[in-house]
Amino acid sequence: MKLYTHMNVDLDNASTSALLLLWNKDYSIDDINFVPASWEPEGELSSNEMAFDIFAGGHGLKGKTIQMAGRQGIGSAFTLILEDHINDKLYTRAFRHFAEFLDSLEATGNWNDYYDAAGYKIPSSFPTIHQAFFALKHKYKKDDKMIVSRWKDIMEGMLLKEESRDRAKKEVKNAHWFTNNIAYIKNTKEPFTSFMLFNKGAEYVIYEKTSNNTLGVRRTPKSTTHLGKHLEPHLPKWFHHPSGFLSCWGTDKAPQETPPEIDANYLAELVEIIK
């Protein structure tokens, strides 16, 4: 397969390159030809060729015409390929908001203008991602292959994060509830599980991992309850976070060599009396 896109990559065509490499494991970075934006093929592109984010004599994939609050613009090649060429549920979930952000950049040149015009809430993370990309460009200058290779790692992390969410949903189903506001999870592997339980109404999530002798409790971010003030008198050897959101006998950051002296049931009794 031969892929063609413009040299001196920007966020759209670098992300589209990474997306194609992730989607089709038969593609390699050496299949991507970084050409001048004015490049045109000699005749029609074959079925074994694709050009994106360049005009390519009318054969390139440039993005869809989009409407936003009465304004018209051309969206990203990334969104076009995500929706029309890949069309996979996992990839759509992982990248749909990022695709919208790329559309905003391509259509207006300024994502802030797009979100203001459309009345959307500005995403907190994507402007930071944009700056991270520019930092990568400063590091590797005009080495387009290196930039895309490194950016692919970021994109793959976004995809793996979505897969983690899917596994966390299964862990949530297996959670035990001591009361209607105290959930208990044991030997879970996904970082999203606790937050999903908070979204289901848990005020406290007790976690336990036998592999590293950890037992602890987290409170919902919506609460101002200081766990340490309530639990430290009963559990003086435990770690009580100064911000009050966590009390524990070990965490993944600091596993314990010995098991806790209490079990999850007793911890739930202590948490239950917190007012």
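The model is predicted. Strand S11 (residues 246-249) is covered on both faces and pairs in the antiparallel sense with strand S9 (residues 214-219). Helix H1 (residues 11-23) crosses helix H3 (residues 89-108) at roughly 160° and helix H6 (residues 144-173) at roughly 70°.

**Strand S11 and its partners**

- Four bridges hold the antiparallel pairing of S9 with S11, and Val 217 stands opposite Ser 247 of S11.
- Strand S10 (residues 239-240) also runs antiparallel to S11, joined to S11 by two bridges.
- His 240 has Ser 247 in S11 as its bridge partner.
- Five residues separate S10 from S11 in a hairpin, and Gly 244 in the turn has a positive phi of about 90°.

**Thr 225**

- Thr 225 lies in the loop between S9 and helix H8 (227-231).
- Thr 225 counts as buried because its relative accessible area is 16%, where buried means under 20%.
- Apart from neighbours within four places in sequence, the contacts of Thr 225 are Tyr 204, Arg 219, His 230, Gly 244 and Ile 274.
- Gly 244, one of these contacts, is the turn residue with positive phi in the S10-S11 hairpin.

**H1 against H3**

- The axes of H1 and H3 come within 11 Å and cross at roughly 160°, so H1 is roughly antiparallel to H3.
- The crossing is left-handed.
- H1 contributes Leu 11, Asp 12, Ser 15, Leu 19, Leu 22 and Trp 23 to the contact, while H3 contributes Tyr 91, Phe 95, Phe 98, Phe 101, Leu 102, Leu 105 and Glu 106.
- By class, the residues of the contact of H1 with H3 are 10 nonpolar, one polar and two charged.

**H1 against H6**

- The axes of H1 and H6 come within 9 Å, with a crossing angle of roughly 70°, so H1 is roughly perpendicular to H6.
- H1 passes H6 in a right-handed crossing.
- On H1 the contact is made by Leu 11, Ala 14, Ser 15, Ser 17, Ala 18, Leu 21 and Leu 22, and on H6 by Val 148, Trp 151, Lys 152, Met 155 and Glu 156.
- The contact of H1 with H6 has eight nonpolar, two polar and two charged residues.
- Leu 11, Ser 15 and Leu 22 of H1 take part in the contacts with both H3 and H6.

Methods
Residues are numbered from 1 along each chain as its sequence is written. This is a predicted model: local features need pLDDT of at least 70, side-chain atom pairs count only at pLDDT 80 or more; totals for chains, interfaces and linings use all residues. Side-chain values use heavy atoms; hydrogens and water are left out. Buried means under 20% relative accessible area, exposed over 50%, partly exposed in between (1.4 Å probe, protein chains only). Two strands pair if DSSP finds at least two bridges between them. Contact means heavy atoms within 4.5 Å. Axes are lines fitted to C-alpha atoms, for helices over the stretch in contact, and angles run from 0 to 180 degrees between N-to-C directions. Angles under 35 degrees count as roughly parallel, over 145 as roughly antiparallel, 65 to 115 as roughly perpendicular and the rest as oblique. A crossing is left-handed if the near helix is turned anticlockwise from the far one by less than a right angle, and right-handed if clockwise. Ala, Val, Leu, Ile, Met, Phe, Trp, Tyr, Cys and Pro count as nonpolar, Asp, Glu, Lys and Arg as charged, and the others, Gly among them, as polar.
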